[in-house]
Amino acid sequence: MDKLNRDVWVFIEQRNGKPADVSFELLAKGRRLAENLKSRLISIVAGYNAKAIAEQTFHYGAVECLLIDHPDLEHYSTLPYSRTIINLVETYKPRVMLFGATIIGRDLAPRVASHTKSGLTADCTDLQIAGIKYLKKDYQDLLLQIRPAFGGNIIATIISPDVHTQMATVREGVMRMEPVAGSVNGKITSVSFIPDESDKIIQLIEQHRQESKVNLKGASVIVAGGYGMGSKENFRMIYELAHTLGGEVAGSRAAVDAGFIPHERQVGQTGVTVRPKLYIACGISGAIQHRAGMQESNKIIAINNDPDAPIFSVAHYGIVGDVMDVIPKFINVFKQKLR
Amino acid sequence: MGINSIVMVKQVPDTANISGQVMKEDGTVNRAKLPAILNHEDKTALELALRIKDQYGGKVTIITMGPPRASDVLRECLFMGADEAYLISDRKFAGADTLATSYVLSETIKKIGSYDFIFAGRQAIDGDTAQVGPQTAEKLNIPQITYTEEILEVGKSSVKVRRKIDGGYEILESKLPVLLTVIKDAAFPRPFKAKRIMAYKNAKTLLELEKLTEGNSLLYVDQLKEEYIARGLYIKTLTMDDLKLDETRCGIHGSPTKVYKVESVVLAGGNHEKINPTQEELSRLIVKLMEDHILG
């Protein structure tokens, strides 16, 4: 076992030359996994003029960066990216490899796992290293890959006991970004990229990307509405309360599906994970998918007319009542207190 | 000539519609009681394949790997307009993860032969992994475009596709053949055609024909199968041996990932403080939040 590589790799995703937050979140988690494995955390950066990104990864704990820098890699493209990463994985055989569960990560990781016959678990919400017993066999230092399954009704722990490389994609915002304190140094190892005919099978014609103006992750107060708001008109009350409190507006998936609010403001498993100082859930029943995205908020107020709504199980303060009655009262009282 | 498509579909438990009847007393979901449906995004994928067929001619072939009862979703695909369906079913496939599944599907596709497009839903609602599509494309050594929003243009040997990316969209042009995974917004699946329901409701897999002959000494499976083929009602049924697959790459043996532990989500009691929606109590709550520097 000694000779085998025990390193933890994190694929660093960049869009238009900007690294994705989730990649740094993964580095923070990967650092801990590498400590547990007594091994090294290595970042994998592919792009063009991406040296600055490579250096940034050292601030999040990477001790080495494998940098593939080439004009053909400026924009993510399935075939050249997967070919490159597959080569690296086959050469070095890392013990753990992590990707963000983003559109790019979910495009790339299965392709790499398929070729290298690695285990791959999608959309993990937690990762741990542990020794376990499985089918009467003892395994040391396995990666426990924890994810919701079955529409969020169960939490499954997945292992890849009998293959060397254990791969996982991890949801955005679930792990915390934690820069390393003090000065850092890491080694950049350049990996050469040799263009291949197959890279041209798919051509990028045009790309439109808009940086979202909504910053739910950074908000200290979030007022979120659910299907229980009843209508788009009623949903304006959510905006009013958020405006009064100086907070951001969010919604549950049901509210998004009903067209009350755009998808970029969705909190939960298929939306954003948030940890504000105060989260006010209005007319949200609180399916596990939603709770997964907000239950770590510092304080949670739930307003719902159903006293049995699951949202109350994660709330610090519960108000049973009609949202259209409670919210205006709340606004009034708050305004009085400000005076 | 025409353009040939293969659509990979999956029968899934309807996890989105969990009603009281499927909840156990301990607050967990009784998975066995959930109705089985055709995965929504696979249906959208089929719709895109059918639109190409409507415009350019060709053939739409459906494949699914699953238990015998997965034939239900194959019949639905026939009702919608698919030309042919394959059920890939074997006890030895049990416990397959996405890698083992993509091995079986890619070998099936190699056996079916020529195709221009392979379609699949972006992901299935029971696992939400979105892995089988790309893993199959890799095994076939063909390109993939995931998160397809719209097919813009089908050329002789290429296709132009708009796909979703984080924060926007991009337009890609790919040579054929290509595998596309499709998101729900890409199209609204057409309803079943009454005529096709009448025609294909009696379509049967080999396993279903075998059931018919059980206890009936006058019926022979081979004969019945010939008859169903002649009437265009035979759902091709393939096992591991039919496909000459490597057993070590199928089912649980071919699956690097294993489920170590499953915990049902049970709601905690909830020790929240109850606030009555009165002026006084709301006032007390807001003052407390302000004092704690949570608000204001």
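Student: Among the chain B contacts between residues at least 6 apart in sequence, what share joins residues at least 24 apart?
Tutor: Of those contacts in chain B, 72% join residues at least 24 apart, where contact means heavy atoms within 4.5 Å. This is a predicted model, in which local features need pLDDT of at least 70, side-chain atom pairs count only at pLDDT 80 or more, and totals for chains, interfaces and linings use all residues. Residues are numbered from 1 along each chain as its sequence is written, chains are lettered from A and ligands numbered from 1 in the order in which they are written, and side-chain values use heavy atoms, with hydrogens and water left out.

Student: And how many helices and strands are there in chain B?
Tutor: Chain B has 8 helices and 14 strands, which are DSSP runs numbered from the N terminus, with helices (H or I) of at least four residues and strands (E) of at least two. Its C-alpha atoms fill a box of roughly 80 × 55 × 45 Å along the principal axes, and 52% of its 296 residues count as buried, a term that means under 20% relative accessible area, with exposed being over 50% and partly exposed lying in between (1.4 Å probe, protein chains only).

Student: At what angle do helix 1 and helix 2 of chain B pack?
Tutor: Helix 1 (residues 40-56) and helix 2 (residues 71-80) of chain B pack at about 35°, with their axes 11 Å apart; the axes are lines fitted to C-alpha atoms, for helices over the stretch in contact, and angles run from 0 to 180 degrees between N-to-C directions.

Student: Which residues meet there?
Tutor: From helix 1 of chain B come B:Lys43, B:Leu46, B:Glu47 and B:Leu50, and these meet B:Glu76, B:Cys77 and B:Met80 in helix 2 of chain B. By class, that contact has 4 nonpolar, no polar and 3 charged residues, where Ala, Val, Leu, Ile, Met, Phe, Trp, Tyr, Cys and Pro count as nonpolar, Asp, Glu, Lys and Arg as charged, and the others, Gly among them, as polar.

Student: Which residues have the most contacts inside the largest nonpolar core?
Tutor: They are B:Val7, B:Leu46, B:Ile62, B:Phe117 and B:Phe119, in a core of 45 residues; a nonpolar core is a set of buried Ala, Val, Leu, Ile, Met, Phe, Trp, Tyr and Cys residues joined through side-chain atoms within 4.5 Å. Another core, of 35 residues, lies apart from it and has A:Ala242, A:Leu278, A:Cys282 and A:Val323 among its members.

Student: Switching to chain A, how is it divided into domains?
Tutor: Chain A is divided into domain 1 (8-200) and domain 2 (221-338), with bounds that come from an automatic or database domain assignment. The centres of domain 1 and domain 2 of chain A, taken over C-alpha atoms, are separated by 34 Å, and 10 residues of domain 1 are in contact with 7 residues of domain 2.

Student: What does A:Thr273 touch?
Tutor: Not counting residues up to four places away in sequence, A:Thr273 touches A:Glu172, A:Gly173, A:Val174, A:Lys217, A:Ala292 and A:Gly293. A:Thr273 lies in the loop between helix 6 and strand 16 (278-282) of chain A.

Student: Why does A:Thr273 count as buried?
Tutor: A:Thr273 counts as buried because its relative accessibility is 13%. A:Asp257, found in helix 6 (residues 253-257) of chain A, is exposed because its relative accessible area is 59%.

Student: Back to chain B, where does B:Pro277 lie?
Tutor: B:Pro277 lies in the loop between strand 14 (273-275) and helix 8 (279-291) of chain B, and B:Pro277 is buried, with a relative accessible area of 19%. Leaving aside neighbours within four places in sequence, B:Pro277 is in contact with A:Ile319, A:Val320, A:Val326, A:Lys329 and B:Leu282.

Student: Which residues does a cis peptide bond join?
Tutor: A cis peptide bond, with omega of about 0°, joins B:Leu176 and B:Pro177, and B:Pro177 is found in the loop between strand 9 (168-175) and strand 10 (178-182) of chain B.

Student: What about phi at A:Asn16?
Tutor: A:Asn16 has a positive phi of about 50° although it is not a glycine; A:Asn16 sits in the loop between strand 2 (14-15) and strand 3 (18-19) of chain A, and at 49% relative accessibility A:Asn16 counts as partly exposed. B:His293 is not a glycine and has a positive phi of about 60°, and B:His293 lies in the segment after helix 8 of chain B.
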